[in-house]
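Trainee: I am new to this structure. Can we go through some of the terms used for it?

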Amino acid sequence: MVKDKGDTIKISVRNLVEFILRSGDLDNRTGGRRDVDAMQEGSRIHRKIQKQMGSGYSAEFPLSITVPVLRKDTAFELCVEGRADGIISLPDEEPAIVIDEIKGVYMELSHLDAPVAVHRAQAMCYAYIYAKLYPQEEIGIRMTYCNLETEDLKYFNETFSLMELEAWFLRLIDEYGKWAVWQIRWFLYRNNSIKALDFPYPYRSGQKELVTDVYKTILRDKRLFIEAPTGVGKTISTIYPAIKAMGEGLVSKIFYLTAKTITRTVAEETYQHLIQKGLHIKSVTITAKEKVCILDKPDCNPAACARAKGHFDRVNAAVFDLLNKENDISRDLILEYARKHNVCPFEMCLDVADWADNIICDYNYAFDPNVYLRRFFLGEKKNDYVFLIDEAHNLVERAREMYSAVLYKNQFLTIKKLIKSQNSAAGSKQLFYSGNKLEKRLEACNSDLLKLKRDCDSCSLIEDITGFVLHLMRLMTEFEEYLTDFRDSEGKEDILGLYMDIRHFLNIYEIYSDKYITYTDFNEQGEFRIKLLCMDPSDNLNSCLDKGKSAVFFSATLLPIRYYKEQLGGREEDYAVYVPSPFDKDNRILMIGHDVSTKYTRRNNKEYNKIFEYINAFTGAQKGNYLVFFPSYQMLNQVAEIAAGKLKGLIIQKNNMTETEKEAFLQDFTIEPNISRIGFCVMGGVFSEGIDLKNDRLIGAVIVGTGLPMICSERELFRGYYDNRNKRGFDYAYLYQGMNKVLQSAGRVIRTMDDRGAILLLDERFMQSQYTNLFPREWYPIINVNLNTMQAELRSFWNH
C-alpha cells in the first residue's frame, strides 16, 4: 500500500484481492500449491501465449482507477492499479471485450475444476476498471491456465454486466476502507513527528556529510556505496536521513537488510532511541519461522498445528488489532497478539510488515528467489522503497549462494525407492497409479544424472542440460499430482524437500545467463551433484533493487570499492564515498610480524611454535582481553595444543556453538579484568564480525594468516571464470574474500573514541603490495616487526 500526496492511497489489484478475499487454512503439504501459479508473472509462458494471440490482443495492458471514499469523518481517494495480462477485442461478438488472466501451473489441468478464487477476482477487477474507463455495458473474463511441462491450455470464461461488477468492486473497496482510513491517519501522525525530529547526537567528524550524502542519494533515486570505519555511526547516519525522506513523501517503506542477528539488534536499538526522542514509526523485525513457531519444528498444516486451521479467516483481525495499539513491534508483541487471535506468528509478522514503515530483516527477504517477500517485490512495478544494506560486504557471497542451485543424484534414488515401496504396499489403485508414474519420472532424472556421473572424474563443466531440465519439468507435474492426492503419505518431508529443490533449480535455470556456469562434481562425502553456479550476482541483485527507489550499501570493509560496486549491482551513475575514521591514530598500534607464514607449504610445528611465541609476547605486554583469529579450526587446535598450560586465561571457540555458548564466551571479556583473557577464534566466524566489545573489554587482536579460502573445485572455477573476463581470477576467488575477513577481525579492537588497542598481523604476505593495496587509510602508519622489536614497540605504546 502506497500513499500519494493529497490523501490518495495506491494499491495493486493483486494485493487488494489477495488481502481482502483470502480465507481458509495454512497448508504446506502440497509444496506451495496455495499459490497455484508456479512461476513469476511475466515469465516465459506468459510471453509465449501473448505472442501467439492475434492483432486483436493487447498484452500487459495498464489499468488504473481512482475511487473517492468517505468513511466516518475521513475522505480520501483510493487508486487501484495493475497490468492485465491481455485484453481481447472481439468487435463482432458479445461481449466485445474479454480480460485475459494467464497463470502457469505444474498441476494436471484435468484436476482444475474452477479458477482459483483470487485469480478470478483479479480478472474481475481488471474487467470493472476497463469497463468503467472504456464504457462497456457487458464485459467478459477468461482465465487461461497453462501446464508448464506440456503447455496444454485450459480456459474458464465468464461474462458480467457493468452493474454486477460495480456492486462487487465497491463491496471490495468498502471492506478495504477501514484499513485505508487507519493508514491516512497514521501517515499524518507519523509525518508530523518526523518533521520535528532532530539528529539525536552531536555530529562526529564526517558524520553530517554522510547523512547529507545518504539523503541526496535517496532524493536522486541513486545507489550509494559507503566505506566507513567503525565509530562513524553508520546505522544512525543511514536510518535518520531515510526517515526524513519518508516524512517528506519521498519514501514509502524502509528495508533495513542485514546478514546477522547482532546487526539487526543494533538497528532495533537505533529505532528505539529515535522513538524515545519523539519519533512515531511502526517498525517490525522479521524473525525466522523456526524461532517463533509454537511447534518444536514448523509444520504448517491443520493436521499438525491448531493455529493453521482457519488462519486466514482470523489473521486480518489480529493485524488490525496490533496496528491500532502498538508502534515498536517486537517479537514478543507478535507472539502475544498471535496467541490472542490464534494465528501463526510468522505469517502474522509478514502481514504486519505490509503496514509497517520500516522492516528489519535478513537479506533473504529482499533478494532470495525462494523466500523473498513477494507481496512487495513480485512484478515489474517500481516502488518508493529504500534499501539500507548493512555489512554489505557479506552480500556478495550470500547472493551467489541465493542465485545458485544444486541437485544430488542420491535424492532422486532415495525418493524413487520410497515411492516404489509405497507402490508395493498400495491399498488403492489411485495411489498405485500415481506412484507408478512418479517413479518413472524419478528414474528418468536419475538416469540423466547417472550418465553425467560416468563422464565426471572430479569436476566437469556441462554445456547443455536441456534434456535433464525437460525431465525435471515432467517430474514436477507428477509431484504436483502426488502431493495433492496423498498429502499425508509416508516420507512426505523427504518428498517435499526434493520437490522444493527441483522447483528452485528450475527457477534458477529460467534466469540462467552468461554470468552462470553449470558443473558436476562430488561433495566431501562422495555424493554426486549438478550445480547451476552464479558467478556474478549483479544482474539478479539489480533486478531486485530496481523494484525500489534507492539503495545504500555500507560497511567498514567495502574494499576495493569497485569490486563491490560491480558485484552488487552498482551502476556508472551511482556514488561511492569513503568516510575518514574519527578515532585518534595514537590510540592504536598496528604491526606486521614479517617472519611468519601460514602458507600450506610452511605449516609445521616450527611455524606453529613461532606463532605461539608471538601470541604469548603480544598478550603478555599488557594485562587485558585479547582475541586471536586463525584461518581454520585445524590451525587453531594445533596452536592451542602448544599453548595449553602456558597461556593463562585461554578460552577457545568451538565449532557449532549454541547462542547460550556464544553469550557465555563473550561474557568472559569483562571490563577491568583481574587477569588476561585470551580467546582463540576462527576468522570469518561469529566472533570476527558484528560483536561490540567496547572500552577495555578488548584491547588487542592477533590475526594469523591472510584469511584466504581453501582451494577447492568451486573456487578454482571462479578463478578461471574471472581470469577469462578480467585477468583478476585470484583476486575475485580468494584475495578479496580473505582480506575482508582480516579487516573485519581487526575491526573488533577500536570501537569507541576512548578505546586503545593493539593489532598484530602474522604473515609475511601482508608485506606484499597486493595485500597492502587493500589496507584502509586509517591503518597507517604500520610497523613491521619481529619478535624482539614487537615487544619494544608494545612497551612504548602501552606506557605512552
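Predicted model: local features only at pLDDT ≥ 70, side-chain atom pairs only at ≥ 80, totals over all residues.

Trainee: Why is H4 called oblique to H6?

Mentor: The axes of H4 and H6 cross at roughly 130 degrees. Roughly perpendicular ends at 115, and roughly antiparallel needs over 145. H4 is therefore oblique to H6. The crossing of H4 past H6 is left-handed.

Trainee: Which residues of H4 and H6 make the contact?

Mentor: H4 supplies Arg190, Asn191, Ile194 and Lys195, while H6 supplies Ile243, Lys244, Met246 and Gly247. By class, three are nonpolar, two polar and three charged.

Trainee: What makes H6 and H7 oblique to each other?

Mentor: Their angle is about 55 degrees, with the axes 10 Å apart. Roughly parallel means under 35, and roughly perpendicular starts at 65. So H6 and H7 are oblique. H6 passes H7 in a right-handed crossing.

Trainee: How do the residues of the contact of H6 with H7 divide by class?

Mentor: Seven are nonpolar, two are polar and none is charged. Ile236, Ile239 and Ile243 of H6 are among the residues in contact, as are Val266 and Leu274 of H7.

Trainee: What about the largest nonpolar core: which residues touch the most other members?

Mentor: Tyr176, Phe367, Phe412 and Phe479 do, in a core of 204 residues. Helix H4, residues 162-195, gives the largest share, 14 residues. Another core, of 34 residues, lies apart from it and includes Met635 and Leu760.

Definitions and conventions. Residues numbered from 1 in each chain as written. Heavy atoms only, no water. Core = buried A, V, L, I, M, F, W, Y, C linked by side-chain atoms within 4.5 Å. Buried < 20%, exposed > 50% of the residue type's maximum accessible area, 1.4 Å probe, protein only. Helix = DSSP H or I, 4+ residues; strand = E, 2+ residues; numbered from the N terminus. Axes fitted to C-alpha atoms, helices over the stretch in contact; angles between N-to-C directions. Left-handed = near helix turned anticlockwise from the far one by under 90°. Contact = heavy atoms within 4.5 Å. Nonpolar A, V, L, I, M, F, W, Y, C, P; charged D, E, K, R; others polar.
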